[in-house]
Amino acid sequence: MTPKDLIRRRLLIALGALPLARCASAAEDIDAKRTGGPYVPTPQVVVDEMLRMGKVGPDDFVVDLGSGDGVIVLTAATRLKARGLGVDIDPRLVRLSNEEAKRRGVADRAAFQVQDVFKADLSKATVVTLYLLPGMMAQLQRKIFSEPRPGTRVVSHDYYFGDWESDDQFTWDVPEKEKINGVPRATVYLWIVPAKVAGRWDIRVAAPAEARYELTLRQAFQDLSGTVTGPGAQAVKLGSSRLHGERITFSFSARGGRHLFRGRVDGDAMEGEVQPAGAKSPVRWLGSRIAS
């Protein structure tokens, strides 16, 4: 072989290696961006429990952040007739998930797209699902709390949102997980996205228990605290106060007992029924936000 032929051969070998190098570089780039952790498949039994805790049904739209092989959205579409969107930064997994949706005949209800989870649109979601590492969960906490509509169910496998306590959780043995990550148990957490009610409210109680109060609320996720002031009265601390999605409950002491309010929040308004202290029957009440 002449020196010229040797140079040509080395050049061809080098050119042939470029596609493999590009593939390796692309895979490394995806792994570097996958701050939620490496792709780990979720066992079907865990998927089923996540959808059960999220009470997913035909009227739901599921958004799966870090959808991987698409199993959560695909199961929701095929078994529960829900609609859904999976987002992931790995184009290969997204392509395979869309192909599987077509194969199952649910491409009209299940779709997948290449996207950063921080840019995902959660405004249409009724259920959000996640299987991401603690660091990513902490970074997503504000987005999950702020962007979905109140009442949206958020379901996570194994990891939680730091100081945002879950509304429910379930832990059980999952032997098939041990083959995947060495841990033979799973925990599924559920949060109900609460309405945003912090601030001052004008509360009016209808006749026959007609009254007017100024309510000041402080909010820590679904937990509430605050005070209420009536005409010519000092502020009284609230008790039994909590949010469950758009549903609100609060109470405060009054002559003869305690006023118990239950209602629903709709943006800058809320309304419901109050059981006045000493009264036999509840009456209606209305609230309007004065200031945040």
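User: What is the bridge partner of Leu85 in S3?

Analyst: In this predicted model, Leu85 has Ala111 of S3 as its bridge partner. The strands involved are S2, residues 83-88, and S3, and they run parallel.

User: What makes S2 and S3 count as paired strands?

Analyst: Two strands pair if at least two bridges are found between them. S2 and S3 are joined by 5 bridges, so they meet that cut-off. In general, strands of a sheet pair through backbone hydrogen bonds, either parallel or antiparallel.

User: Which strands make up the open sheet, and in what order?

Analyst: The open sheet has 7 strands in the order S3-S2-S1-S4-S5-S7-S6, and its pairing is mixed. Its edge strands are S3 (110-114) and S6, each of which pairs on one side only. Direction ignored, neighbouring strands of this sheet are turned by 15° against each other on average.

User: Why is Asp64 called buried?

Analyst: Buried means under 20% relative accessible area. Asp64 has 2% relative accessibility, so it counts as buried. This residue lies in strand S1.

User: Which residues is Asp64 in contact with, leaving aside its neighbours within four places in sequence?

Analyst: Asp64 is in contact with Ile72, Val73, Leu85, Gly86, Val87, Thr129 and Leu130. Leu85 is also the residue that has Ala111 as its bridge partner.

User: Which helices lie across S3, and at what angles do they run to S3?

Analyst: H3 lies across S1 (61-65), S2, S3 and S4, and runs at about 160° to S3. Helix H4, residues 91-104, lies across S2 and S3, and runs at about 165° to S3.

User: Why are H2 and H3 called roughly perpendicular?

Analyst: Angles of 65 to 115 degrees count as roughly perpendicular. H2 and H3 pack at an angle of about 65°, with their axes 10 Å apart. The two helices are therefore roughly perpendicular to each other. By class, their contact has 7 nonpolar, 2 polar and 2 charged residues.

User: Which residues of H2 and H3 meet?

Analyst: From H2 there are Gln44, Val47, Asp48, Met50 and Leu51. They meet Val71, Ile72, Thr75, Ala76, Arg79 and Leu80 in H3. H2 passes H3 in a right-handed crossing.

User: Which residues of H2 are buried, and what covers them?

Analyst: In H2 (residues 44-53), the buried residues are Val46, Val47, Glu49, Met50, Leu51 and Met53. Their cover includes H3 (71-80) and the strands S4 (127-130), S5 (153-157), S6 (168-173) and S7 (185-192). Just after H2, Lys55 takes a positive phi of about 50°.

User: What do S9 and S10 form, and which residue in the turn has a positive phi?

Analyst: They form a hairpin with 2 residues between them. Phe221 in the turn has a positive phi of about 60°.

User: Which residues make up the covered and uncovered faces of S10?

Analyst: In S10 (residues 223-229), Leu224, Gly226 and Val228 make up the covered face. The uncovered face has Asp223, Ser225, Thr227 and Thr229.

Note on methods
Residues numbered from 1 in each chain as written. Predicted model: local features only at pLDDT ≥ 70, side-chain atom pairs only at ≥ 80, totals over all residues. Heavy atoms only, no water. Buried < 20%, exposed > 50% of the residue type's maximum accessible area, 1.4 Å probe, protein only. Helix = DSSP H or I, 4+ residues; strand = E, 2+ residues; numbered from the N terminus. Contact = heavy atoms within 4.5 Å. Axes fitted to C-alpha atoms, helices over the stretch in contact; angles between N-to-C directions. Parallel < 35°, antiparallel > 145°, perpendicular 65-115°, else oblique. Left-handed = near helix turned anticlockwise from the far one by under 90°. Nonpolar A, V, L, I, M, F, W, Y, C, P; charged D, E, K, R; others polar.
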